[in-house]
Amino acid sequence: MINTLIGDIGHLSVIIAFVAAIVASYAYFMASRTTGADANSLNSWKRFARVAFYVHTAAVLVVIFALFNIIYEHRYEYYYAWSHSSNHLPVHFMISCFWEGQEGSFLLWIFWHVLLGVVLLNTGKKNKEWEAPVMAMFSFVQLFLTSMILGIVIGDMKIGSSPFILMRDFMPEAPAFALDPNFKPEDGTGLNPLLQNYWMVIHPPILFLGFAATLVPFAFAMAGLWQGKFGEWIRPALPWAHFAAVSLGIGIMMGAYWAYETLNFGGYWNWDPVENAVYIPWLVLVGAIHTMIAYRRSKHGLRASYILVIASFILILYSTFLTRSGILGNASVHSFTDLGLSGQLFTYLAAFAVLAIALLIFRWKKIPTTEKELTTYTGEFWIFIGAAVLCLAGFQVLTTTSIPVYNSFLGFIGIESNAALPADQIEHYTKFQLWAGVAIGILTGIGQLMWWRKADKSSFKDAITMPLMLTLLFASLVIILSNRFDVFDFKLDNPVYITLFVTSLFAVFANLSIILSLLHKKVSLSGGAVAHIGIALMLLGILFSSGYSNIISDNTSGLLYSREFPDEINRDNVLLWRNTDTDMDKYVVSYHGQFLEVANVPEYVNKEVLFRTRDEYTAIARADIKIDDKVYFKTGDTLELPNPENTYYEVSYKNRKSGETFVLYPRAQVNPNMGLLASPDIKSFATKDLYTHVSSIPDPNEEKDWGELKEHTLTMGDTIILNDYIAIFNGVEVIKEVPGVPLKAGDVAVQADMKILGEKKEYHAHPLLIFKDGMAGYYPEIIEDLGIRITFLNVDPASEQFTIGVNTSQKDYIILKAMEKPFVNILWIGTIVMSIGFIMAITRRNQEGGSKKVNTKPARKAEKAQVA
Amino acid sequence: MKKTHIIGIAIIAIAIMIIMSTAGDASTYVSFDEAIELAEDGSETKVHVVGRLKKDEQGHILGMEYDPLVDPNLFSFVLVDTNRYEQRVIYFNPKPQDFERSEQVVITGSMKNDVFVADKILLKCPSKYVEKEIQQTTTASM
């Protein structure tokens, strides 16, 4: 029976949330008036607005409950559940289903805004002062966001796309609904297999938390402009700006790690527009934090703070527009499908861009500035340069990522444009981003030293000597070791890379020296230094893992085109025959067959041991499943396969020099909608990762060509040659039970026993012959390792002669790509260090922002004293 | 004030450099005719070409060659661009698995000695949603 109630509740709640957001915006706007209203009226407007915002909050929570209920209860009468979920999906991936679709991800974003709004309403006395104008911005944003999932049609105009649409309304032409309007599909079409990964449960919420958190500093900035409190907003907004930056930063890096682990482009960053769209606002936001901090100390850079805070929020909206409007078209592999919301998204972007920029221009003259000139020996000066570098780096990515937008825009005004993204994106972005990294390395070092020292030449010289010496010492050591003594897998001899290496090292040592000097004063102040070390480590990790990424699966066979295109060819993939050793770089590699995941067995299980049943998710054990003498399942047991669509290819590596061996299981699945989805398996060493993935397999949908059937008539103990292997016929036995085939009285099952001597080991084949209801049934045995299929054809009881049929085929193979990524761990460690630094800074800035002015003054004096 | 001005000018100069380099690096969508012209002029610029696979009346793909047993890193096919010009394309990588099902193919690369050497292939497959609808109707009618 279909349940329309839950959807109606959900849809109604969306409408309530939308209306409540309108009411709250208006009421907060009325409460924010600075002229022509008495305090009483303002207060009553504020109370009313607060009620409206809480109604909005409650409605949003109901919407989320309704949508999750639809997914959790497998209510496939709803399109959202049907297209994003399926019966076999575990609960934690149902959470991912929730935000796989565009509507759900909007909902997630809305949820975080609501939550942050409630937090702002209930914490900090300072926030109360700001409540009306800040929450007016919040409610206004919520108005736009809830409209995206409204799903209302007025005339010809569709407003929003509802997640609560029923199947029969989504595809009314489907014959099923003509026969029975209450038809409900049995199963959903499932979650995109690439998203069935634990990182995808947690990455989107954190990223969207970052998205949502950028609204807080923006709302404070707008409130400051609006109410004429030009400088005061910085203090409460600063911890939030940190919070937004760290959430976005962690979100981005989680996405990068997911890509590294799940996709197979061979890295963590692909300069895909979807990635760039978050990277750009992050850079600008980090720039904004710097100018805000400078303002807090010396009243410099207020205008810059306004510009950057506003820009970071507008860029978030722009990135939403880019990824969701379908404008990227061919340029991106993983943007959302176009829901026809581009007009609405553009309105959202334009409304806030116009509002913010107009307000800024209108108030520009009134924003206070200081006339004091900044000398080169102040931290602030270097902070501004740093912010400028960050913004320029963001600007480069923005100009390039927007190429599809220029095409659309020119097309819109009638000029045909055929510009495409650069053919070599990595080269294009790197040639600027690398130098931005160098500049950031130098600036974090110098800027931080200046910031914490007295502002004069000699004191700075004292401060910089130690880190500089350590840098030169350590850098020369690494360069010599890598070039002369081959300590690493690469030679650090590229001058550009050396520059980045040295500057990043300098940033690490300079910031370390600051932490050391703060240790015996006030450690809580060192958040900035810690975060900067994190960034420098990330730069080092990126430098080594990407700059010296090395493909080791060079192919030496197959030289068909090499004479014609000698410089063109990167033979990056190698073909591995099953059970045949192949030399690859310093390893001997060998492919050993296809494995599956079995519930309650700690390792993957070879497909040959599994008798697959009609139900994809169960199999019967054909032999005992044991690992290290522990038997997990006995022959004939029914096994549960949690992920039957994923095949794991066992690839063993042996280091020729050290003799060290290890086994990797790169994964692949042939998806009917998406082709071969291959995910790597990664072996981590202290100095590098070995990254291995399958790049092609024989098409599993194509029937294997088994060649001609050859018959052999044998008696017990005969020896024959099969496909170049010696095979011994041990005899036959009558068996009572056949897994998966019920036998009645009068049915006979006979099993032949053959031993085949392979190159590496013996194989036992047990082809079955079953006489059931007067019919013969053949259950051949396939030995994939040898490419042999043995069918038990006939028994002649009189002469004790047995007939078997043998087909041979090409052996199984995979095509493999493997590469080494030196020191990629430093990137992940750097990310964690950076996050810790940010969290330290949030705690500190929060204490500062929450306490009253009277209290902070001495504290700030103390800080200055330490600085001096 | 002077210092601020110098920095301002430097920022603007870098911004202009960025725009110029983006304009310089940006590739273009072209037809094979133009790609051939470019190569004849000695240009090494890589371009984007949008096309479809060559198919016979039954919808079988023609001219596609991939034999991993001979060379797993060589895949070659015939692409028909929007001007219906047929061009052999080679790609020094394994064949993308869902290649046959693609409706539209975007390749990046350049012409070399009568063949187009692609270093990137982007497939546009029929929309996930259309596919789902078909599946739905067949299961529903059962």
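**Strand pairing in chain A, and a look at chain B**

Colleague: Hi! How many bridges join strand 23 of chain A to strand 24 of chain A, and do they run parallel or antiparallel?

Modeller: Strands 23 and 24 (residues 762-765) of chain A run antiparallel, with 4 bridges between them. Bear in mind that this is a predicted model.

Colleague: Which residue is the bridge partner of A:Met754 in strand 24 of chain A?

Modeller: A:Met754 has A:Ala765 as its bridge partner there.

Colleague: And what joins strand 23 of chain A to strand 24 of chain A?

Modeller: A hairpin does, through 4 residues.

Colleague: OK, what about strand 22 of chain A, how many bridges does it have with strand 23 of chain A?

Modeller: Strand 22 (residues 725-735) and strand 23 (residues 748-757) of chain A are paired over 9 bridges, in the antiparallel sense. In that pairing, A:Ala727 sits opposite A:Ile756 of strand 23.

Colleague: In what sense do strand 23 and strand 25 of chain A pair?

Modeller: Antiparallel again for strand 23 and strand 25 (residues 768-772) of chain A, over 4 bridges. A:Ala749 has its bridge partner, A:Ile770, in strand 25 of chain A.

Colleague: Nice. Switching to chain B: how many helices and strands?

Modeller: Chain B has 3 helices and 6 strands. Along the sequence they come as α-β-α-β-β-β-β-β-α.

Colleague: What share of the residues in chain B is buried?

Modeller: Of the 142 residues in chain B, 27% are buried.

Colleague: Last one: among contacts in chain B between residues at least 6 apart in sequence, what percentage join residues at least 24 apart?

Modeller: That comes to 48% of those contacts in chain B.

How values were computed. Residues numbered from 1 in each chain as written. Chains lettered and ligands numbered in written order. Predicted model: local features only at pLDDT ≥ 70, side-chain atom pairs only at ≥ 80, totals over all residues. Helix = DSSP H or I, 4+ residues; strand = E, 2+ residues; numbered from the N terminus. Buried ≥ 20, exposed ≤ 12 C-beta atoms within 10 Å, placed from the backbone. Contact = placed C-beta atoms within 7 Å. Pairing = 2+ DSSP bridges.
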